[in-house]
Amino acid sequence: MTRTKSLLKVPVVMVALALLYLGLIAGFSHNPYYMQILNMAAINTIMAVSLNLINGFTGQFSIGHAGFMGVGAYVAAVCSVFYKIPYLVALLCGALAAAVVGLVVGIPTLRLKGDYLAIATLGFAEIIRVIIVNIQKVGGPRGFLGIPPYTNLLWTYLFAVGTVVVISNFVNSSPGRACLAVREDEVAAESMGVNATKYKVIAFVMGAFFAGLGGGLLVHLLSIAHPTMFTFLKSVDFLIMIVVGGQGSITGSVTAASFITVISEALRKFEVWRMLAYSLVLIMIMLTRPQGLLGGKELTWEGIVNVPGRLRRFRLPKVGGGRVGTTGH
Amino acid sequence: MSSVLSTFLQQVINGLQLGSIYSLIALGYTMVYGIIRLINFAHGDIYMVGAYIGFFAAGFFGGSFFPTLLVAMAGASALGLTIERFAYRPLRYQPRIAALTTALGVSIFLENFVRQFVGPNYLPYPRIIKVTQIKVGDIQFSNIQLIVLAVAICLMLGLTFLVNKTKLGKAMRAVSFDKDAARLMGINVDHVISMTFLVGSSLAAAAGVLVGITYPRIDPYMGILPGLKAFVAAVLGGIGSIPGAAIGGMVMGMAETMVLGYMKSSYRDAIAFTILIIVLLVKPTGILGKPMSEKV
Amino acid sequence: MALLDIKDLSINFGGLRAVTDFNLSMQEGELVGIIGPNGAGKTTVFNMLTGVYRPTKGEIFLKRRDDSIVNLVGKKPFTITQMGVARTFQNIRLFKDLTVLQNVKIAHHFSAKYGVGGAVLRTPAYFKEEQRIHDEALKLLRIFGLENRKDEISKNLPYGEQRRLELVRALATSPRLLLLDEPAAGMNPQEIKDLMEMIRWIRNEFQLTILLIEHHMEVVMNVCERILVLDYGLTIAQGCPEEIKTNPKVIEAYLGEVVEDA
């Protein structure tokens with residue numbers, strides 16, 4: 001594949017999704033409930049793609065993504081409500097705060113081999129919750145009310161696209177390949193001159209940054225921030241999105257984030273059944289396809305166009321090896 | 001005796017009681033991690049299920065303590081074995097992230113299963129043992145506290161005997177040291193891993209019953225925080241080290257009780273993770289842990 | 001001054017003395033072999049040289065490109081690679097789920113002259129460097145006959161090609177000192193013959209100094225100019241292949257294996 005072609009791949013997918021979104025807006029714009037779901041889908045896309053950078057591309061197991069979302073949410077809210085800082089700057093402050101917290105959590109844990117990150121991120125999310133509950137100025141356990149509702153579909157969608165572009169540019173570059181190498185084999189990566197700790201921290205901090213951005217968008221959409229919005233179960237939602245979409249697949253995360261947002265909304269009344277189903281899906285996918293449904297593969301324009309051809313070829317034995325039409329990045 | 005000192009000693013007793021619970025759960029974490037390098041996220045939920053089994057067993061046995069304890073331990077062991085066999089074993093040679101995700105899935109499944117089929121609300125635990133207060137000088141404690149401590153110590157001594165003096169214990173140590181070499185020496189590695197889950201789960205269930213009789217109520221999510229804290233306790237003691245888990249659990253219980261006694265109670269859950277961050281910064285191998293190096 | 005100067009290198013693992021007082025000095029362009037029975041400490045020497053293990057005692061001096069001398073003890077593996085020491089692994093460690101081309105590109109990582117900012121913003125430096133890395137990686141793959149495999153997922157390659165890819169990947173870090181850990185493991189006699197050719201050829205072509213560990217006596221005896229024999233972590237003999245072949249200590253350590261093999 002030529003370079004121009006591979007560079008075109010991501011924009012093409014983006015355009016396709018943009019059209020889909022615009023179509024949906026045109027269809028549902030009179031209904032605030034559907035607008036809300038579309039907004040949530042875009043925010044969840046930001047969350048899933050940024051978590052995928054940490055878990056899927058760099059192979060680290062973070063399960064506190066909602067915690068970073070919470071940091072971004074509360075800092076952005078404080079900026080808007082108490083300091084009357086302009087919306088976009090407030091969002092940026094939230095994202096930067098989450099990134100700084102990511103750095104503080106990441107540096108001690110990521111230099112170690114093993115799974116300490118999982119527990120550290122979980123624990124950190126819990127600490128954040130405790131801290132928020134204890135700050136009366138931001139409402140403590142009652143929640144933070146009266147956040148100006150600046151977020152609309154234009155912003156959520158623009159930021160979702162921005163996140164996808166930044167992260168896909170990153171993974172398709174030399175530093176991004178270093179992250180992939182760390183995921184594959186840390187010892188071998190170091191023997192290739194890759195500073196594993198550095199790239200783990202970079203990926204983790206970038207992921208935290210975008211999670212913080214997502215949090216800022218969310219609270220300016222709902223006009224409220226509440227400690228229960230950023231719990232462990234919320235992190236699990238994002239994890240399910242990347243597992244269903246495929247660890248290491250950006251287009252997969254985008255698709256799964258939108259899909260699961262809608263499903264979760266539909267199953268809102270059956271919360272316990274939803275969690276039971278999610279957990280079983282999680283276990284089943286891991287047992288049958290540990291790389292996630294799409295694995296590391298990206299949906300591409302050629303892939304989508306070629307579906308009929310691929311289906312035809314499936315009937316013939318010995319052709320294709322299943323990689324036709326879906327390409328690694 | 002000054003009242004400051006007696007308050008402090010009172011806290012120490014409470015700390016030992018809470019620490020016993022954390023130690024029992026931490027032992028399962030550390031054994032499983034030591035043997036297959038997996039953070040078993042579902043371990044806290046096995047503790048929860050153990051408490052629930054105890055709840056129903058207590059009704060069945062008319063509230064006698066030891067049968068209740070044994071049935072809960074047996075039931076949780078069966079659960080642990082099942083989880084290992086069907087959810088973890090197929091993933092033993094897959095990337096670690098797959099096993100971790102599965103463990104998380106099992107954890108969410110257990111919580112929501114209990115929530116859906118037993119009920120989402122707190123259940124009042126039967127008063128299996130009648131509470132009597134014992135007073136020594138200014139310090140007051142209950143017979144329950146003594147029982148918790150005694151049962152925990154007996155179980156830990158039993159575990160020490162099992163690991164150090166029996167053939168199975170020797171096999172466990174061998175497998176955790178080098179799985180392939182152990183297999184070559186004729187050890188049935190799958191069996192040893194199963195036994196590790198069995199022992200770890202039964203200890204967690206014992207902790208569940210002990211918590212049930214102390215704070216007489218249980219709920220489907222009761223395993224999440226103690227599970228996490230016990231894991232931190234295992235890391236603090238040195239993950240993979242059995243005496244380390246016991247010590248780590250006690251330190252954790254003590255730290256939490258002191259925060260509860262002398263600081264704001266809403267900070268009690270944050271102390272565990274503060275300890276974790278400090279351990280990771282200062283001595284990632286924990287109090288008794290040895291550095292684990294990967295074979296190259 | 002030699003390219004590599006190892007002085008009294010020793011390491012203990014909890015009381016077990018895995019390597020004791022290992023000494024070796026290598027001139028530029030030399031090809032030296034380390035042999036010894038299983039568990040003699042050969043790979044442990046490599047792991048100390050590349051920073052994976054930290055020696056209990058001893059020094060490792062490396063002459064850098066600008067002729068300055070550095071002590072590699074205490075340096076991280078990635079720094080040591082960046083200073084010009086590359087290795088292959090006894091049990092191949094490719095980036096299994098990545099393509100052949102990506103495997104090689106990763107080795108060019110530290111020479112890339114753009115950072116995260118350049119990557120995200122797609123600056124001109126990004127395109128220029130990506131093109132260069134792409135071309136250089138392809139060039140190496142072409143030399144080793146793997147060009148038509150470039151888009152293959154590396155774990156799907158046949159064993160021999162995986163070994164070759166690992167070598168390509170090591171060469172792509174543009175090393176001065178190359179450490180080969182049992183390059184002939186699992187190869188048939190014809191492949192071993194080709195391998196010997198290749199080792200000599202890459203040394204000249206890439207102006208390398210090579211240190212290799214090998215079990216196949218044929219390879220070591222034919223390729224290496226100098227051989228060290230390790231047994232239980234001790235250097236029991238060293239010299240040219242002829243001397244090693246007839247050294248009674250070596251024969252004893254191998255319990256006659258040498259006679260039968262050589």
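Trainee: How many salt bridges are there over all chains?

Mentor: The count comes to 28 salt bridges over all chains, a salt bridge being a side-chain nitrogen of Lys or Arg within 4 Å of a carboxyl oxygen of Asp or Glu. Before we go on: this is a predicted model, where local features need pLDDT of at least 70 and side-chain atom pairs count only at pLDDT 80 or more, while totals for chains, interfaces and linings use all residues. Residues are numbered from 1 along each chain as its sequence is written, chains are lettered from A and ligands numbered from 1 in the order in which they are written, and side-chain values use heavy atoms, with hydrogens and water left out.

Trainee: Okay, which residue forms a salt bridge with C:Glu130?

Mentor: That's A:Arg177, and the closest N and O atoms are 3.1 Å apart. This pair crosses between chains, from helix α7 (residues 174-184) of chain A to helix α5 of chain C. Helices here are DSSP runs of H or I with at least four residues, strands are runs of E with at least two, and both are numbered from the N terminus.

Trainee: Are A:Arg177 and C:Glu130 buried or exposed?

Mentor: Both are buried. Buried means under 20% relative accessible area, exposed means over 50%, and partly exposed is in between (1.4 Å probe, protein chains only). C:Glu130 counts as buried because its relative accessibility is 9%.

Trainee: What else does C:Glu130 touch?

Mentor: Leaving out residues up to four places away in sequence, C:Glu130 touches A:Ser173, A:Ser174, A:Arg177 and C:Tyr114. Contact means heavy atoms within 4.5 Å.

Trainee: Switching to chain A, what does A:Asp237 pair with?

Mentor: A:Asp237 forms a salt bridge with A:Arg274, with the closest N and O atoms 3.7 Å apart. The pair links distant parts of the chain, helix α10 and helix α12 of chain A, 37 residues apart. A:Asp237 counts as buried because its relative accessibility is 11%, and A:Arg274 is buried too, at 8%.

Trainee: And where do C:Asp21 and C:Lys57 lie?

Mentor: C:Asp21 is in strand β2 (residues 16-26) of chain C and C:Lys57 is in strand β4 (residues 57-63), 36 residues apart. They form a salt bridge, with the closest N and O atoms 2.8 Å apart. C:Asp21 is partly exposed, at 34% relative accessible area, and C:Lys57 is partly exposed at 43%.

Trainee: How many salt bridges cross the interface of chain A and chain B?

Mentor: Zero, by the rule. There are two residue pairs in polar contact between those chains, both at pLDDT 80 or more. A polar contact is a pair of N or O atoms within 3.5 Å; within protein, one must be able to donate a hydrogen and the other to accept it, and residues adjacent in sequence count only if both atoms are side-chain atoms.

Trainee: What area is buried between chain A and chain B?

Mentor: About 3,800 Å², of which carbon and sulfur atoms give 78%. Buried area is the accessible area (1.4 Å probe) that two parts lose on being put together, summed over both. In chain A, A:Asp115, A:Tyr116 and A:Ile119 lose the most area to chain B, together 16% of what that side buries.

Trainee: How many residues does the contact take from each chain?

Mentor: The contact takes 41 residues from chain A and 45 residues from chain B.
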